[in-house]
There are 2 protein chains.
Amino acid sequence: MAAERGIPVVLVGRPEQLSGVGDFEVVSASQVIAMGAEAASSVRKMKDSSLVRAAEAVRDGRASAMVSAGNTGAAMTASLLRMGRIRGVSRPAIATPIIVPGRAWPNVMLDAGANTECSAEWLVQFAQMGAVYCRDRWGVQEPRVGLLSNGEEAGKGSPLVKEAFERLEDRAWQTRTGAVFAGNVEGRDLLADQVDVIVTDGFTGNVALKTAEGVAKQLIGALVEALDSSEEAQRGAKLLAPALAPLYDEFNPDSVGGAILLGVDGVSIISHGASSPRALANAIQVAYELAERNTVGSLRRILCSD
Amino acid sequence: MAAERGIPVVLVGRPEQLSGVGDFEVVSASQVIAMGAEAASSVRKMKDSSLVRAAEAVRDGRASAMVSAGNTGAAMTASLLRMGRIRGVSRPAIATPIIVPGRAWPNVMLDAGANTECSAEWLVQFAQMGAVYCRDRWGVQEPRVGLLSNGEEAGKGSPLVKEAFERLEDRAWQTRTGAVFAGNVEGRDLLADQVDVIVTDGFTGNVALKTAEGVAKQLIGALVEALDSSEEAQRGAKLLAPALAPLYDEFNPDSVGGAILLGVDGVSIISHGASSPRALANAIQVAYELAERNTVGSLRRILCSD
């Protein structure tokens, strides 16, 4: 699909397994880091793994971006170790798009899980990186940044959130980034059109994201079951299909694409292990666009001057 | 409705406003703490408010339990200051039931927001209180307790979670409480039949709960709109009504009742400000049952011996 869109794709892996896929350039890698493998030690030991070789291809300029749907931790570690950090960035963060029903672009939440513990300074960098990404990817000219807390009022939150709130109020980073700090947001705002970027530590971000996914899955599962629960229900479902189809599209995570590791010196898109062909094609499209627009260059410009 | 069930109800508030409600005993209170008012100072200053008088009625034995649907923070503060803590309890916590589709009882998550910052010791007490509550309220004989984290594996989590994990592994509290520690759970397990009690700090608990509520609201809202979006859809919706009705009941928070403040020396049920009559009647029923079963006595017995 990506090839049909005119995007040059390089495949990384075992040549004998990739030869039948199509007419693509292949970077050879003999090892595969398994889905459940421990990330750091696997990346250290398996130097000829596809994840490590893919990150090296970006570092060496053989590829402009990397898209993976494997072991998330290993993809992060390989990207970080081989591409390195952008100068000035303390910690890379995973930025995940979250569907906002009725709006053309999603919310970007970061960190969605790369850093369990964070400092307030890092959260400000997450805000900057998220805003640059949101603008480059979805054309939001002046992204609104919200800080995830347990209440909307200033003064609400953990010590980390309170300190981050004060730092985020500073105009200097907002002006340099071309973003606006919109204050605290709550869990219920994750899918809401309140802000464009949601900043949080990797622990809270992971819990919030998995909660949202879990609830959506449970609800949709129960609904699908109900639609099929009797002949009468099936007839009703048929009549409702035209009304439910756009809803399915709207809430389908595949439509917003995968997560990205922001802060490494290269484009690294990290897709779900269970990515559909459509999700992967979208991820490749996104990787291509971000490389074209030189998003990493924008991040360098804004973050190095700190 | 509660009166129909044979539960004696005492109303607290302005007598002139309560006289028309029915044949209930009235405890007079001239002041009302507004929904948005600052909790601590309001409780301190408004000594004749309905929330303060209700908590006093429990303290003084005029009532066996208190049910409120007003300012959550003020209800917590009034309960804490007037009823006091159970001896041995470091901090009371809000325990919120979360629907588990297909299971007769919900998960209990605590702390859902009373304590933004927590210590690992408190989390163990939350585990004990949640387990006792789960058994008394839903008859779960040996509740399974999960610790909310950003991964299921043992070493995953913030420093707080890691320390709490170690303490929760200790058999002594499990034996005394009659509960089992089931390890870490993730956000996606909030509505799942993995455990019966989910322990977390009040910051994370608040974010997770509001995320779950937000996603459910967005999804159900979109669904309801789709069902009404055309004449064809409306006909389909009519055919589906028998299949969707139980689902609506299952996911309706009113069916599991309100939150409870565990650790204060009395029963204090804290309902949503937007509680329906059905939700309030359920809350009164729950308050009655917990008073009958002497849940506070069980908590005293298990927590004082620490």
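1. Let's start with a hairpin in chain A. Strands β9(A) and β10(A) form a hairpin with four residues between them, and A:Gly263 in the turn has a positive phi of about 115°. The two strands pair in the antiparallel sense over two bridges, with A:Ile260 standing opposite A:Ile269. A word on terms: strands (E, at least two residues) and helices (H or I, at least four) are DSSP runs, numbered from the N terminus, and two strands pair if DSSP finds at least two bridges between them.

2. Before going on, keep in mind that this is a predicted model: local features need pLDDT of at least 70 and side-chain atom pairs count only at pLDDT 80 or more, while totals for chains, interfaces and linings use all residues. Residues are numbered from 1 along each chain as its sequence is written, and chains are lettered from A and ligands numbered from 1 in the order in which they are written.

3. Stay with β10(A) (residues 267-270) for a moment. Are the faces of β10(A) covered or open? Both are covered: A:Val267 and A:Ile269 on one side, and A:Ser268 and A:Ile270 on the other, are all buried. Here a residue is buried if 20 or more other C-beta atoms lie within 10 Å of its own, exposed if 12 or fewer, and partly exposed in between, with C-beta atoms placed from the backbone.

4. Now look at the sheet in chain B. Eight strands form an open sheet with mixed pairing, in the order β3-β10-β9-β4-β5-β8-β6-β7. The edge strands, each pairing on one side only, are β3 and β7 (180-185) of chain B. Direction ignored, neighbouring strands are turned by 25° against each other on average. For these angles, axes are lines fitted to C-alpha atoms, for helices over the stretch in contact, and angles run from 0 to 180 degrees between N-to-C directions.

5. Strands β4 (residues 93-98) and β9 (residues 259-262) of chain B run antiparallel and are joined by three bridges; B:Ala93 stands opposite B:Leu262. Helix α5 (residues 120-138) of chain B packs on the sheet, touching β4, β5, β6, β8 and β9 of chain B, and its direction makes about 165° with that of β8(B). Helix α6 (residues 159-169) of chain B packs there too, touching β6 and β7 of chain B.

6. Leaving aside neighbours within four places in sequence, the contacts of A:Leu110 include A:Ile94, A:Phe126, A:Val199 and A:Leu262. Two residues are in contact if their C-beta atoms, placed from the backbone, lie within 7 Å.

7. The next bond along deserves a look. A cis peptide bond joins A:Leu110 and A:Asp111, with omega about 10°, and another joins B:Leu110 and B:Asp111, with omega about 5°. A:Asp111 is in the loop between β5 (107-110) and α5 (120-138) of chain A, and B:Asp111 is in the loop between β5 and α5 of chain B. As background, most residues other than glycine have a negative phi, and most peptide bonds are trans.

8. A:Asn294 has a positive phi of about 55° although it is not a glycine. A:Asn294 is in the loop between α10 (277-292) and α11 (295-304) of chain A, and counts as partly exposed because it has 14 C-beta neighbours inside 10 Å. In chain B, phi of B:Asn294 is likewise positive, near 55°.

9. Is helix α3 (residues 50-59) of chain B mostly covered or mostly open? Mostly covered: nine of its 10 residues are buried, among them B:Leu51, B:Arg53 and B:Glu56. The cover includes β1 (10-13), β2 (25-28), α2 (39-45), β3 (65-68) and α4 (72-83) of chain B. Just after the helix, B:Gly61 takes a positive phi of about 80°.

10. Finally, the two chains together. A rotation of 180° with 0.0 Å of shift along its axis superposes chain B on chain A (RMSD 0.0 Å); that is the relation of a two-fold axis. The superposition is by least squares on the C-alpha atoms of residues with pLDDT of at least 70 in both copies. The contact takes 48 residues from chain B and 47 residues from chain A. On the chain B side, α8(B) gives the largest share, 20 residues.
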